[in-house]
Each structure stands twice: as structure tokens, then as C-alpha cells.
Amino acid sequence: MSEASEGAEVPGRGAAPVGGQADGDGGGPGAGASTTAQVDAAGSAGSAGSAGFGGRELAPGVPMLASAVAVISLLVGALLVAMSLAGHAFSPWQTSGPLSPGLIGAAMLGVTPGLFAIGRARVWEEVRTLVLPLAVVLLGLLAVSLLNADKLQAAKGGSLVLVLFSLGWVAVLGLLGLSTVVCLARQYATSAHPLRERTAPLPGWSKPFLALLGSAWCGIGAGLLAVPGFWATFVPWDVTRPDAQALGVWAVSLGTGVLGALAEDDLARTRPALLALPGVAVALAVVLGVRAGDVDWASGPGLSLTTMVGGLLLAGLVGRRLLPRHPLPRP
């Protein structure tokens with residue numbers, strides 16, 4: 001082949017520059033630029049995703065913590081509920097009967113689907129209406145257990161199973177509580193992008209209802225925590241001091257979640273919480289229904305309890321119903 005034909009331009013391709021290959025063919029300057037662009041694109045994929053949705057990119061520790069708590073809640077909650085339904089008072093501390101530990105277990109079971117859903121979230125703002133109430137529960141139950149250490153089964157010398165359960169309860173809560181503080185600190189240390197506009201605002205008629213429901217749960221919960229001796233009379237069954245305070249922790253957590261959803265004012269940012277609300281309501285209703293003989297339903301507190309649990313179920317179901325009308329935006 002002649003020298004002229006070697007230097008001729010092949011149809012469909014550009015002529016190769018002297019001393020190198022064509023751009024994009026491997027070793028030339030075009031290849032270097034292309035490779036650099038690909039690396040930059042890959043390195044910024046995560047931040048671009050959070051920037052498209054706005055807010056803080058979800059820290060890796062948050063889904064890991066949520067999954068761990070979900071598994072533990074599933075196992076321990078199922079145990080507490082099963083023992084309660086069978087009529088046994090199984091609790092880490094001294095209790096007045098099977099109903100209170102059964103309700104604590106029911107709440108643990110009910111929140112599990114929402115905790116598993118956290119792993120599918122992209123940014124912190126989509127999960128904080130469930131993660132912050134989760135922090136209230138973990139740290140609150142740890143504080144209640146430590147403040148009532150003299151009433152733990154390990155201190156009172158109950159059966160071996162209950163003693164070991166109470167020791168494990170405190171140890172696991174301590175580990176999870178510490179992990180929660182670390183995860184939240186790292187989460188709020190991440191950079192934040194401007195939040196996108198709300199894509200699924202709450203209906204106007206729902207806001208007074210949510211405000212009343214959240215305030216009711218927070219109010220009774222705070223009372224049970226701060227002054228259990230007085231506010232225990234507003235519980236329509238007999239409770240001990242640690243029972244009252246543990247139930248108060250869960251009540252504050254539920255109220256925090258409802259009021260947090262009201263503050264977000266965007267159904268798209270409350271997806272995991274919308275899974276947890278009806279789950280908790282149904283689980284509570286099952287335990288209350290089976291142990292109905294332990295509850296003074298005709299009293300004012302009994303009627304209030306029915307209304308508040310029904311409110312959780314209604315809020316969760318209506319939110320789930322409205323959510324498909326507002327698909328999650330893509331970055």
C-alpha cells in the first residue's frame with residue numbers, strides 16, 4: 001500500500017493526528033478527557049442524587065441502625081405480644097399485669113415495616129419523621145430502665161428467664177442508644193442542599209386533626225413520664241411506675257411523629273412513617289381487643305384511648321391513600 005493511502009482518511013472516521021491516535025481511541029488526549037469525565041460523573045453520583053431531591057444525603061449509618069432496630073423489635077415485640085396474649089406478665093421490670101408489656105411489644109412490632117423502608121430513602125428529610133421518634137423511644141426506654149433499676153427483674157430476683165431478659169434489655173438499649181446518638185451526629189454533619197418544593201402537601205382539612213392527635217399523644221406521654229404517680233390514673237388499667245413511664249415514652253414518640261409529619265407538610269417526606277402509623281394502631285388494637293377485660297372502657301381514659309388509637313389508624317390509612325397520587329420526583 002502506498003504512503004498516500006496510509007495517511008488517507010477512512011470514511012466515517014477522522015484522520016489520525018501525527019504522532020498519536022484519534023481522540024477517544026485509547027491513548028490520545030481524547031481518551032484522557034473521556035476517562036476523567038467518567039470518573040467525575042461517578043464520583044458525584046451520590047451528591048447529585050441528594051441535590052436533585054434537596055436536603056441532606058442520608059448517612060449510611062442511619063439505614064443500618066434502622067434495620068438493626070427493626071430486627072430486634074420484630075423478635076422482642078413478637079415475644080412480648082405472644083406472652084401478653086397468653087396471659088403472662090413478661091416484662092424487664094415488675095409489672096401489674098400482661099397488658100402493659102403487651103402494648104409495648106405491639107408498638108415495637110407495628111413500627112417494624114417503617115424501619116425496614118428507611119433503607120430505600122435517598123435523603124434525610126424523607127425519614128426524619130420516623131428516625132427522630134425512634135431516637136425518643138430508644139433513649140427514653142433506656143432512661144426509664146436506668147431510673148427504675150431497683151424495679152428491674154434482675155434487681156428483684158425473679159425467674160432466671162426474666163432476670164436474663166432484663167439484663168439483655170438494658171444492655172441492648174444502651175448499645176442502640178449510643179449508636180443513635182452517633183448516627184444523628186454524623187447525619188447532621190453532612191452537607192445540606194436547598195430543599196425542593198413540596199410536591200405532596202397535606203390537605204388543609206387534615207392539619208387541625210393532626211395537630212390535635214399529635215398534641216394528645218405528646219401531652220399524655222409527657223405527663224406519664226414526668227409525674228407517673230398522678231397521670232397513671234388517666235390510664236384505664238393498673239400500671240406500675242416503670243410501666244407508666246415506658247408507655248409515656250411511646251406516647252411521646254407517636255405524638256412526635258404525627259407533629260413532625262405536620263411540620264414537614266409533604267407526604268413524599270413521610271413514606272416510612274406512613275407505614276409505621278397504621279401498623280402500630282393495628283397491633284395496639286389486637287392486644288387491647290384480646291385483653292379487653294383488663295381495660296375500663298366506660299371511663300373517660302378508656303374512651304380517649306379508643307379515639308387516639310383510631311386516630312393513628314385513620315391518619316396512616318388516609319396518608320397511604322393520598323400518597324400514590326403524588327409520585328416521588330426524580331432528580
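Student: Why is Leu314 called partly exposed?

Tutor: Leu314 has a relative accessible area of 46%. Buried means under 20%, exposed means over 50%, and partly exposed is what lies in between (1.4 Å probe, protein chains only), so at 46% Leu314 is partly exposed. A word on the source: this is a predicted model, in which local features need pLDDT of at least 70 and side-chain atom pairs count only at pLDDT 80 or more, while totals for chains, interfaces and linings use all residues. Residues are numbered from 1 along each chain as its sequence is written, and side-chain values use heavy atoms, with hydrogens and water left out.

Student: Where is Leu314, and how far is Leu314 from Leu277 in sequence and in space?

Tutor: Leu314 sits in helix 13. Leu277 is 37 residues away in sequence, with 8.9 Å between the two C-alpha atoms.

Student: What makes up the secondary structure of the protein?

Tutor: There are 13 helices and two strands. Both are DSSP runs numbered from the N terminus: helices are H or I with at least four residues, strands are E with at least two. Of the 331 residues, 45% count as buried.

Student: What follows helix 11, and what is its phi?

Tutor: Asp265 follows helix 11. Its phi is near 55°, a positive value in a residue other than glycine. Asp265 lies in the loop between helix 11 and helix 12.

Student: Why does Asp265 count as buried?

Tutor: The relative accessibility of Asp265 is 16%, and that is under the 20% limit, so Asp265 is buried. Contact means heavy atoms within 4.5 Å. Leaving aside neighbours within four places in sequence, Asp265 is in contact with Arg198, Ala200, Pro201, Leu202 and Lys207.

Student: How do you know whether helix 12 has the span expected of it?

Tutor: Helix 12 (residues 271-290) has 20 residues and reaches 30 Å from first to last C-alpha, close to the expected 28 Å. Its buried residues include Ala276, Leu277 and Val280. Among the elements covering them are helix 4, helix 5, helix 11 and helix 13.

Student: What makes a set of residues a nonpolar core, and which members of the largest one touch the most others?

Tutor: A nonpolar core is a set of buried Ala, Val, Leu, Ile, Met, Phe, Trp, Tyr and Cys residues joined through side-chain atoms within 4.5 Å. The largest has 78 residues, and Trp169 and Trp237 touch the most other members. The largest share of this core, 10 residues, comes from helix 12. Not counting residues up to four places away in sequence, Trp169 touches Val76, Leu80, Pro92, Trp93, Ile104, Leu141 and Ser145.

Student: What makes a space a pocket rather than a cavity?

Tutor: On a 1 Å grid over the protein atoms alone, a cavity is a set of points where a 1.4 Å probe fits but cannot get out, whereas a pocket is an open set with protein on both sides within 12 Å along at least five of seven lines; lining residues have an atom within 4 Å of a point. The largest pocket has a volume of about 610 Å³, where volume is the space filled by probe spheres set on grid points joined across faces, edges and corners.

Student: Which residues lie nearest the centre of the largest pocket, and how does its lining divide?

Tutor: Val111, Leu130, Leu254, Ala276 and Val280 lie nearest the centre, out of 43 lining residues. The lining divides into 35 nonpolar, eight polar and no charged. Here Ala, Val, Leu, Ile, Met, Phe, Trp, Tyr, Cys and Pro count as nonpolar, Asp, Glu, Lys and Arg as charged, and the others, Gly among them, as polar.

Student: How much space lies in the second largest pocket, and which residues are nearest its centre?

Tutor: About 430 Å³ lies there. Of its 23 lining residues, Trp217, Ile220, Leu224, Trp237 and Leu305 are nearest the centre. Helix 13 gives the largest share of that lining, six residues.

Terms used. Expected span 1.5 Å × (residues − 1).
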